[in-house]
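Good morning, and thank you for making time for this presentation. I would ask you to look at the structure as I go through its helices.

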Amino acid sequence: LGMTFYIFGITFTSGTVAHVDAVQLWTDPASEGLRDNFATMGRSFLALYMAMSGGRSWGEYYAFLTDIPVQYRLLFIVF
């Protein structure tokens with residue numbers, strides 16, 4: 001289980017950081033949900049755990065991933 005969180009956490013964190021860096025969105029309010037939930041490994045782990053355990057709806061996290069490429073949303077559904 002820990003390895004699953006680690007692999008998916010790295011994937012979502014790297015996708016978020018690459019997207020936010022490429023378009024200079026670190027201060028844009030539109031990307032706040034994405035940054036707040038997936039911009040660091042710790043935040044990604046927590047978001048994945050909460051989505052899995054029912055702490056927060058997975059649909060909310062899925063909505064935050066709409067700004068990055070579609071493969072990340074598909075990976076989130078697989079998770």
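Before the first pair of helices, one definition is needed: a helix axis here is a line fitted to C-alpha atoms over the stretch in contact, and angles between N-to-C directions run from 0 to 180 degrees. Please also keep in mind that this is a predicted model.

I begin with helix 1, residues 2-22, and helix 3, residues 41-53. Their axes lie 9 Å apart, and the packing angle is about 120°. Angles of 65 to 115 degrees count as roughly perpendicular and those over 145 as roughly antiparallel; helix 1 and helix 3 are therefore oblique to each other. The crossing of helix 1 past helix 3 is right-handed.

Which residues of the two helices meet? From helix 1 come Phe 5, Tyr 6, Phe 8, Gly 9, Ile 10, Phe 12 and Thr 13, and from helix 3 come Met 41, Ser 44, Phe 45, Leu 48, Tyr 49 and Met 52. In this contact of helix 1 with helix 3, 10 residues are nonpolar, 3 are polar and none is charged.

I turn now to helix 5, residues 70-78, in which Tyr 72, Arg 73 and Phe 76 are buried. Viewed down the axis of helix 5, its buried residues fall within an arc of 100°, so they line one face of the helix. On the face of helix 5 turned away from the buried side are the exposed residues Leu 74, Ile 77 and Val 78.

How do helix 1 and helix 5 pack? Their axes are 11 Å apart, at an angle of about 155°. Because angles over 145 degrees count as roughly antiparallel, that term describes helix 1 and helix 5. Helix 1 passes helix 5 in a left-handed crossing. Phe 8, Thr 11, Phe 12 and Gly 15 of helix 1 make this contact with Tyr 72, Leu 75 and Phe 76 of helix 5. The residues of this contact comprise 5 nonpolar and 2 polar, with no charged residue.

Finally, I come to Phe 64, which is located in helix 4. Phe 64 has a relative accessible area of 22% and is partly exposed. Leaving aside residues up to four places away in sequence, Phe 64 touches Gly 33, Leu 34, Asn 37 and Arg 56. Between Phe 64 and Ser 31 there are 7.9 Å in space, C-alpha to C-alpha, although they are 33 residues apart in sequence.

How values were computed:
Residues numbered from 1 in each chain as written. Predicted model: local features only at pLDDT ≥ 70, side-chain atom pairs only at ≥ 80, totals over all residues. Heavy atoms only, no water. Helix = DSSP H or I, 4+ residues; strand = E, 2+ residues; numbered from the N terminus. Parallel < 35°, antiparallel > 145°, perpendicular 65-115°, else oblique. Left-handed = near helix turned anticlockwise from the far one by under 90°. Contact = heavy atoms within 4.5 Å. Nonpolar A, V, L, I, M, F, W, Y, C, P; charged D, E, K, R; others polar. Buried < 20%, exposed > 50% of the residue type's maximum accessible area, 1.4 Å probe, protein only. Arc of directions from axis to C-beta.
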